[in-house]
Amino acid sequence: MLEKQLKYIKSKTDFIPEIAIVLGSGLGQLAEEIDTVATIDYKNIPEFPVSTAPSHKGRFVFGTLNGKKVVIMQGRVHLYEGYSSKQVVEPIRLMKMMGAKILFLTNAAGGINEDFKIGDFMVIDDHISSFVPSALIGENDDSLGARFPDMSRVYSKGLNDIIFETAQEMGLEIKKGVYVQFTGPNFETPAEIRMAEIIGADAVGMSTAVEAMAAKHCGMEVCGISVISNMACGKSKTPITSEEVNETADRVAPLFKKLITQSVGKF
């Protein structure tokens, strides 16, 4: 299947990216910043999962960003859309086959750590994926990676250091923490957030961890940033809405775009 999809991509562009970037909820504006050479809608790729979530355009954008050749996922697919973990990570594996060696993940997340505030950026230092099905279940494709891949360091210290250095140059305070993925689409209960806090999570969302796992499996260098778009249930006095998530993402978009762009230029 991946070979068939790659053949279709190559029939539309001969562009070979160095870096793959996944844009989360409300963060798709970064795709407008690149010097675009090609765009391909997911719906046109053979048997490829299609984004249905609001604000996810559902396309690959190819071009250059701060001197680096990138492929951007302007919108991802999620477990809550009815896709399996294997389908959710299909785009990651395909971007690896396109040539990308680095995966930069982004998302809008709920803040669990009470030192965080809405609008903060959190560099992902580690994740908890125990509450979602592993993307590696089933027959292993040895051409992608080992049957039992090591996950002791999913997120690259070297890439994270570059992001922190870039934030410092911008005068931007940035957090570091552990991200936990749940399936969604419902937001979590207060009890679930208390559990997540006890086991060491700083932020919560409905994506990212399975993608990072698949990228690590196939030998990509991984980093990620969460935009704290809201405080998680039980940490906020008001009900959580998707509108709040997107409003926060829109508000921090200029800083987010600058941080990503300048960091990518140093990768």
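**Questions on a predicted protein chain**

The protein chain exposes about 11,500 Å², of which carbon and sulfur atoms supply 50%; the areas come from the Shrake-Rupley method with a 1.4 Å probe, and for residues only the protein chains shown count as cover. This is a predicted model, in which local features need pLDDT of at least 70, side-chain atom pairs count only at pLDDT 80 or more, and totals for chains, interfaces and linings use all residues. Residues are numbered from 1 along each chain as its sequence is written, and side-chain values use heavy atoms, leaving out hydrogens and water.

Visitor: Why is Cys-223 called buried?

Guide: Buried means under 20% relative accessible area, exposed over 50%, and partly exposed in between (1.4 Å probe, protein chains only). Cys-223 has 0%, and is therefore buried. Cys-218, with 6%, is buried as well. Of the 267 residues of the protein chain, 57% count as buried.

Visitor: What makes the radius of gyration agree with that of a compact globule?

Guide: The radius is taken over C-alpha atoms, and the globule rule is 2.2 Å times the number of residues to the power 0.38. For 267 residues a compact globule would have a radius near 18 Å; the protein chain has 17 Å, so the value agrees.
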